[in-house]
Amino acid sequence: MLLGMFVENVWTPAVSRLRECTRVGYESAYRIHIRDRWSKVDMDAISVADIESWLDSFDKPGAARKAYAVFRAILRLAYRQGLTDNDVTRRDIRLPRLRHYEPQVLSAPEVRRLLKGFYGHPLEAWLLVSVCAGLRRCESVGLEWADLDLRRGTVTVKRSVQWVAGHETVTEPKTDLSRRTVALPRFAVKRLAELRHGTKTGRLVGGLNANQVANHYRSWCKRMKLPCVPPRNLRHTFGTLAIKAGTDISVVARQLGHSDIQTTARYYLKPDLSVLKDMQKAWQKLILTC
């Protein structure tokens, strides 16, 4: 069977049941990267060499890997449906090598400057929960005042808000661990109580969408000469500083909503030079006093 025929008759109806943001991403990858190269190819004739040659044609390794992930999903669905005997993606396929991602994060003094610089700003509440609770961007934008329990000092993540294909989409958190209740520091709870004004309702960001929030945030940082990282890196900042402060990595993983502690270790467990020097002092003391 031709891959394009399978996509039209089987795969497209199957992905229509997925979350909108996932479905749109899959369909976009197929339309831009897969359709022209593979739609008229018989799935039984696809080889490892064909796939690797296609992947080598991409300018960006990240785009190649994302396109391959969708291509692999198509072929594996066809195999499970019994419409091809060629499960070529189970073989050892050489993927383009990604450069190691090193997210830019703020230091503790920079976080203090940033929070002081947003005092009284319409996005102050959003910034507080973003940087003090380690929420994902899609989680913090969708947060409502009713999700805050300021007596207990907690915030409950109940929804994910994203901008997809020119409109806003509200969905359930991606995983069970993403739907979570997390703690806030006392200074944030106190300030949020002041900002809430008793009966304040609706979203913390008001009527702004995710892109507008990011634009207003960056614009204010630039205007006030504040330390600035992309909104998604406020989450990285929280995780990095929490581990640096001595918090157990499993606790940080729970706060961040990671389903795998290895994700937390990979992106956040980066001891700075002072920690490494302290380790060497302890090691030296052990060796020289034996």
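Two strands pair if DSSP finds at least two bridges between them, and helices (H or I, at least four residues) and strands (E, at least two) are DSSP runs numbered from the N terminus. The model is predicted, so local features need pLDDT of at least 70 and side-chain atom pairs count only at pLDDT 80 or more, whereas totals for chains, interfaces and linings use all residues. Residues are numbered from 1 along each chain as its sequence is written, and side-chain values use heavy atoms, with hydrogens and water left out.

**Exercise 1. Work out how strand E3 (residues 160–164) is joined to strand E4 (residues 167–171), and examine the turn of their hairpin.**

Step 1. The two strands run antiparallel, and 5 bridges join E3 to E4; within this pair, valine 161 stands opposite valine 170 in E4.

Step 2. The hairpin has 2 residues between E3 and E4, and alanine 165 in the turn has a positive phi of about 50°. Most residues other than glycine have a negative phi.

Step 3. A positive phi, of about 55°, is also found at lysine 225, which is not a glycine. Lysine 225 belongs to the loop between helix H9 (210–224) and helix H10 (232–244), and it is exposed, with a relative accessible area of 67% (exposed means over 50%, buried under 20%, and partly exposed in between, with a 1.4 Å probe and protein chains only).

**Exercise 2. Locate the bend in helix H2 (residues 20–38) and identify what its buried residues pack against.**

Step 1. The bend, which is the angle between axes fitted to the seven residues ending at a residue and the seven starting there, is about 45° at arginine 31 of H2.

Step 2. Ala29, Tyr30, Ile34 and Trp38 are the buried residues of H2. They pack against helix H1 (3–15), helix H3 (48–56) and helix H4 (61–80), where contact means heavy atoms within 4.5 Å.

**Exercise 3. Characterise the largest pocket by its volume and its lining.**

Step 1. On a 1 Å grid over the protein atoms alone, a pocket is an open set of points where a 1.4 Å probe fits, with protein on both sides within 12 Å along at least five of seven lines, and lining residues have an atom within 4 Å of a point.

Step 2. The volume of the largest pocket is about 1400 Å³. Its lining has 34 residues, of which Arg136, Cys138, Gln162, Lys174 and Arg232 are the closest to its centre.

Step 3. H2, H4, helix H7 (137–141), E3, H9, H10 and H12 are the elements that give two or more residues to this lining, and the largest share, 5 residues, comes from E3.

How values were computed:
Grid points are joined across faces, edges and corners, and a volume is the space filled by probe spheres set on the points.
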